[in-house]
Amino acid sequence: MSKKLLGLFLAVLLCAGMLTGCQKKAEEQTAVKTEAAKKKIKLKMVTCWTPNYKLIEQDKYWLEQVDKLVGDEVEIEFFTSGELVKSSEVFDAVKNGTAQIGSDFPGYWAGKDTAFNLVASFPMWMDAYDYINWLEFGGGQAEYDRIYGKFGIKPLPHGPITVESGPRSTKPIRSLDDYKGLKLRMSGKTQGNILNQIGASQVKISSSEVYQAMQKGVIDAAESCTPEFDWGLGYGEITQYSSHPGWHQPGSMCNLLFNQKTWDELPQRVKDAFTIAAQATMLRTLAFQDYSSADGTAKFAEKGVQSFVLPEKDLKVLSAKSLEDLYKEAEANPSFAKIALSMGEYLVHYSPWRKLSFPFNHGWVNNNLPDLEKLRSYAE
């Protein structure tokens, strides 16, 4: 064999060896990836929100952060409201393991324990910043864990809602006197009790039903969420007036729900990732809520909607009525009383600084702080 042929033969052998090696390496990498995919923790997540309702954005953002942190270990299949379960079924779906994760608004579960009204929102009470302060440093997370834990669920708060719009209406509401005879879509048991006391009627319909109900005169006014959310629901087309502030819901908190058994079995690094992602989502959602409320306010103003602010004397009346209802519910339900006491202790603790930093601090609740001894007697 000539030297030239020998060189060619050796080159062919070398190339063949290299190709075989590359193919083997590629097969090994594919096998590793396949094995890793098999070992991925696969979870189902359901939410109370439909694709066109903006609260779903907080769920999507959390999922994005989780994917960045532990996407190689966890795969979450996401179902919007109605795809796997209805909004009203999210709690039980997580509790029973139909889905391992859920996203909620706690007030939806008040039929299971009225204390869920408090961890959701309460009229003339805590705002979104108070909720975060209380959760992080005032013992709030322990109270969330207790109330959800009774049902085999681990909660991670992730979606604060800043002060909502007050009622948007077809009739001007300048004072409490203007509420008399009005039919309002307003959620919440205490909110309904207060409306009855000031001569209005609470109409319980979903946000999606407001547009037609307003057009047909079934209701005179409705609250739903913040200005930007209200605008997205078409309230600018059916209302001519708005009344502020949103005394019925000065602050709220939405949560991620985890089936407790599933949570307990997760690796610690995954739990940490879920928690970090929830905290990041909370920060982003708070900023989004505030900033977008300014956007929504501008849109309603450009549409010609007239806005009125209730006088301080009326806010004091509403605050007193809210506290009356708080005490009644606390007396009837020790579980409610425990959370009310924990929140009340935070509010009293924070009160001196709120006063000193006024008007640059948040919240109005200093005007009517709760009686802690009364709440403590109910909690015991």
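Q: At 13% relative accessibility, does Phe105 count as buried or exposed?
A: This is a predicted model, in which local features need pLDDT of at least 70 and side-chain atom pairs count only at pLDDT 80 or more, while totals for chains, interfaces and linings use all residues. Residues are numbered from 1 along each chain as its sequence is written, and side-chain values use heavy atoms, with hydrogens and water left out. Phe105 sits in the loop between β3 (101-104) and α4, where helices (H or I, at least four residues) and strands (E, at least two) are DSSP runs numbered from the N terminus. Since buried means under 20% relative accessible area, exposed over 50% and partly exposed in between (1.4 Å probe, protein chains only), the 13% of Phe105 makes this residue buried.

Q: What span is expected for helix α12 at 1.5 Å a residue?
A: The expected span of a helix is 1.5 Å times one less than its number of residues. Helix α12 (residues 268-303) has 36 residues and reaches 51 Å from its first C-alpha to its last, which is close to the expected 52 Å.

Q: Is α13 roughly parallel or roughly antiparallel to α15?
A: Two packed helices are described by the angle between their axes and the distance between the axes. Here the axes are lines fitted to C-alpha atoms over the stretch in contact, and angles run from 0 to 180 degrees between N-to-C directions. For α13 (residues 312-332) and α15 (residues 372-379), the angle is about 25° and the axes are 8 Å apart. Angles under 35 degrees count as roughly parallel, over 145 as roughly antiparallel, 65 to 115 as roughly perpendicular and the rest as oblique, so α13 and α15 are roughly parallel.

Q: Which residues of α15 meet α13?
A: On the side of α13, the residues that take part are Leu326, Tyr327, Ala330 and Glu331. Leu326, Tyr327 and Ala330 are also among the buried residues of α13, and what covers those buried residues includes α15. The residues of α15 that meet α13 are Lys374, Leu375 and Tyr378.

Q: At roughly what angle do the axes of α14 and α15 cross?
A: Among the residues making the contact are Ala337, Leu341 and Val348 of α14, together with Leu372 and Leu375 of α15. The axes of these two helices come within 8 Å, and they cross at roughly 150°.

Conventions
Contact means heavy atoms within 4.5 Å.
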